[in-house]
Amino acid sequence: MVPPFEARQYSDSQVKKAGEKLKHPENLAPQERAAAIQVLVNYRLLHYAPLNTFQATLRKRLKALGCSKAIVAQRIKRLPTILEKLQRFPSMQLNRMQDIGGIRTIAANMAELDKIYASYAANRGRMRHQVVRMDDYVARPKESGYRGRHIVFRYSHKLPDYNGLHVEMQFRTRLQHVWATAVETFEAFMGEQFKSSKGDTRWLEFFALVSSAYALQEKQPVLARHSALSPAQLLENIRKMEHELCVLKKIQGFSSVSKLLPNITKVQDSYAVLLLDTHEKAAQVRLFPVSQYMEAYDCYSREEQRSEGDSRRQVVLVKTDSLLRLQKAYPNYFADLKEFRRHLLRIIAPS
């Protein structure tokens, strides 16, 4: 059953104007800000239609490529993250933001990632939906150490409500995903903005060094600023920083977060509202059948409003087909750093 989707209530120009206002919330009266947020929320909600389309076609492609065990999950960008992005990039336009709707694919290894990404690249000019951009952050990692591959599509649909919306597909290996979600988990618990390369420079360099170590494991380019380091020097720097920052001790503290997961191992194409409260040290999951999409979105909206202005309280609405895959796709919402800890112990172990 296809869930109902909200109709477009505002024109592109109205969405753009709302975005411009929200870049400077300090200049807005409460009523004016509420009106701009209402425009943003309606615009964001529209992205569920293209997300469902792209996830269905992605799963077919993965099956045809023999990669059906790759983990797939979809989400819409959190309201605080959209607002932060608008305020961080002066030229950003809300109606042109390309990652409000996102799909994440986690491949087992680089060979599988190469196969999936190459399949899209080979068919770039023959697909119904226009490829706007392809970014290879494996060959050219971001300065933060982020690695992965992204494709941004412009959705082609006969209904003007959805035509022209963007969806970003992210492709990572399991190891790249372990790194990215560890950064998100530390960011949430420490109240930092590591994903935006902000915060304690020692922590930023620690994560960058770990990313380069992972790149060596996958036989991929390290960060440019680490290219002069030998593998032994790279690992020694990580050991020193782990000791200085007490990384393993912090992971042990994070692991005390309770995992209030339902006693279910599999679900059929459900929506899940994930809530991580790092202050209360609790993670919660609420599941909704696809037919109860609006109930799921209402629950998500209520929790999002409650979380506004509180960086220690994060909520996301995702669609998935099993709790196991959900936990693997979004381990940061379960304070799950087991794999990161395991890889770190291997790195810092005496040679």
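In the predicted model, a salt bridge forms between the side chains of glutamate 32 and lysine 21, with an N to O distance of 3.7 Å. Because glutamate 32 belongs to helix 2 (residues 30-45) and lysine 21 to helix 1, the contact ties together parts that are eleven residues apart in sequence. Glutamate 32 is partly exposed, at 32% relative accessibility, and lysine 21 is likewise classed as partly exposed, with a relative accessible area of 38%.

Helix 1 (residues 12-22) also contributes aspartate 12, whose side chain meets that of arginine 96 in a salt bridge of 3.4 Å, N to O. Since arginine 96 is located in the loop between helix 4 (79-88) and strand 2, this pair ties together parts that are 84 residues apart in sequence. Aspartate 12 has a relative accessible area of 33% and is partly exposed; arginine 96, at 44%, is also partly exposed.

A further salt bridge connects arginine 225 with glutamate 205 at 3.2 Å, N to O. Arginine 225 lies in the loop between helix 7 (201-217) and helix 8 (231-245), whereas glutamate 205 lies in helix 7, 20 residues apart. Both residues are partly exposed, with relative accessible areas of 39% for arginine 225 and 24% for glutamate 205. Through shared partners, salt bridges join Arg8, Asp12 and Arg96 into one network. Over the whole structure, the search identifies 22 salt bridges.

Strand 5 (residues 166-173) is mostly covered, with eight of its eight residues buried. In a regular strand, side chains alternate between the two faces of the sheet. In strand 5, His166, Glu168, Gln170 and Arg172 point one way, while Val167, Met169, Phe171 and Thr173 point the other way, and all are buried. Strand 2 (residues 101-107) runs parallel to strand 5 and is joined to it by seven bridges; within this pairing, glycine 101 has valine 167 as its bridge partner. Strand 4 (residues 149-154), by contrast, pairs with strand 5 in the antiparallel sense over six bridges, and histidine 150 stands opposite glutamine 170 of strand 5.

Helix 10 (residues 293-307) comprises 15 residues and spans 21 Å from its first C-alpha to its last, close to the 21 Å expected at 1.5 Å a residue. Its buried residues are Tyr293, Ala296, Tyr297, Cys299, Tyr300, Ser301, Glu303, Glu304 and Ser307. Just after helix 10, glycine 309 adopts a positive phi of about 85°.

How values were computed: Residues numbered from 1 in each chain as written. Predicted model: local features only at pLDDT ≥ 70, side-chain atom pairs only at ≥ 80, totals over all residues. Heavy atoms only, no water. Buried < 20%, exposed > 50% of the residue type's maximum accessible area, 1.4 Å probe, protein only. Helix = DSSP H or I, 4+ residues; strand = E, 2+ residues; numbered from the N terminus. Pairing = 2+ DSSP bridges. Expected span 1.5 Å × (residues − 1). Salt bridge = Lys/Arg side-chain N within 4 Å of Asp/Glu carboxyl O.
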